[in-house]
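Okay, everyone, thanks for coming. Let me put the structure up on the screen, and then I'll walk you through it.

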Amino acid sequence: HAALHVSGVAPPLGPERGGTRVAVLGAGFRDAYTLRCRFDNASSAVLARYVDASQLECVTPLHSLGAKLVLVSMNAQQYSGGGGGVRYTYQAAAAVSSVSPSVVAAEGGTPVTVRGSGFSAASEALGYLLCRIGGVVRRARWASPTALVCNTTRAAAGEASVGVSNNGREYTADGVAVRLVSVRVQDVQPWSGPQLGSTVVS
C-alpha cells in the first residue's frame, strides 16, 4: 500500500495515564483490522479505528511525560508518519483541591480561583485549558501550575461540581464544588443621595 501520512493529532496533549481518545489526521488510511497507532516506541502500539481515508481514532496508552512521535501502521508491523514528525504531548494529570470563593452568586460573573496541580500553560495557549462548573464549560485563565481562574455563569442555585481539563476531553473529578446562591435586593435605605457620594446605604 502507499505510505501513510500523519499531519496532525487532536487533541495534541493529554495525561500521562493515557485513555485520551484522539483523532489522528493524515492521508492514505484504509480500513483494516491490523490498523495501529504508536506513540514513540513499539510497546505503546494501540488499536486504531478507521474513520475515513484522512482520519483514524486511537486511545492513548500510558506513557512517560513529554512529546512523543505519532506513527501509524496498516499491518501492525511497519510504521510511518509525517515528514515533519507529528507529536502528542503527555502531561502530568491535573487535580483540583479547592476553590475560592466557595460560595458565589447564581447570577454568574464571579471570578473563581481554582487551586490544585498539573495546570498547563501550554494548554491555555492552545485553547484547551477549560473549567467545568456544573454542566457549563468555560475557558480558564492560567495563573500558575497550581492555580487558575474561571468565571461563573448564570445557573440555578445549589451545589455545582468543579472540574478542570488540560485538553478539552478529560476533566478532574476530585469532589470539589461551589455553592451557588441567589442574591436579590428587596430594599435600599435611603433611596437617594448627593452625586458626590459618601452616603451610607443599607
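Let's start at S165, which lies in strand β16. When I say strand, I mean a DSSP run of E with at least two residues, and a helix would be a run of H or I with at least four, both numbered from the N terminus. Before I go on, the ground rules: this is a predicted model, so local features need pLDDT of at least 70, side-chain atom pairs count only at pLDDT 80 or more, and totals for chains, interfaces and linings use all residues. Residues are numbered from 1 along each chain as its sequence is written, and side-chain values use heavy atoms, with hydrogens and water left out.

Back to S165. Is S165 buried or exposed? S165 is buried, at 0% relative accessible area. The cut-offs here are under 20% for buried, over 50% for exposed, and partly exposed in between, with a 1.4 Å probe and protein chains only. Setting aside neighbours within four places in sequence, S165 is in contact with Y128, L129, L130, E170 and Y171, where contact means heavy atoms within 4.5 Å. A polar atom of the S165 side chain also sits 3.4 Å from the backbone nitrogen of R169.

Now stay with β16, and look across to β12. β12 and β16, which covers residues 158–165, pair in the antiparallel sense over four bridges. Pairing means that DSSP finds at least two bridges between the strands. C131 stands opposite R138 in β13. The hairpin of β12 and β13 has two residues between the strands, and G134 in that hairpin takes a positive phi near 65 degrees.

A disulfide is a covalent bond between the sulfur atoms of two cysteines; the test used here is a pair of cysteine sulfur atoms within 2.5 Å. How many disulfides does that rule give? The count comes to two. C131 bonds to C150, with the sulfur atoms 1.5 Å apart. C131 is in β12 (residues 130–133) and C150 is in β15 (residues 147–151), so this pair ties together parts 19 residues apart in sequence. Both C131 and C150 are buried.

The other disulfide joins C37 and C58, with a sulfur separation of 1.7 Å. C37 is in β4 (residues 36–39) and C58 in β6 (residues 55–59), so to speak distant parts of the chain, 21 residues apart. C37 and C58 are both buried as well. Counting bonded cysteines along the chain, the pattern is 1-2, 3-4.

On to charges. A salt bridge here needs a side-chain nitrogen of Lys or Arg within 4 Å of a carboxyl oxygen of Asp or Glu. Searching the whole structure gives two of them. In one, R21 pairs with E57, the closest N and O atoms being 3.3 Å apart. R21 is in β3 (residues 21–27) and E57 is in β6, so that pair ties together parts 36 residues apart in sequence. In the other, R49 meets E57 at 3.2 Å, N to O. Through shared partners, R21, R49 and E57 make up one network. R21 is partly exposed at 46% relative accessibility, and R49 is partly exposed, also listed at 46%.

Now some backbone geometry. Most residues other than glycine have a negative phi, and most peptide bonds are trans. Where do we find cis peptide bonds? One joins A10 and P11, with omega about -5 degrees, and P11 is in the loop between β1 (5–10) and β2 (13–15). Another joins S100 and P101, with omega about -5 degrees, and P101 is in the loop between β9 (95–100) and β10 (103–105). Then there's A76, not a glycine, yet with a positive phi of about 65 degrees. A76 is in the loop between β7 (66–73) and β8 (87–91), and is partly exposed at 32% relative accessible area.

Last stop, A156, in the loop between β15 and β16. A156 is exposed, with a relative accessible area of 65%. Beyond its neighbours within four places in sequence, A156 is in contact with A106 and L180.

Definitions and conventions
A polar contact is a pair of N or O atoms within 3.5 Å; within protein, one must be able to donate a hydrogen and the other to accept it, and residues adjacent in sequence count only if both atoms are side-chain atoms.
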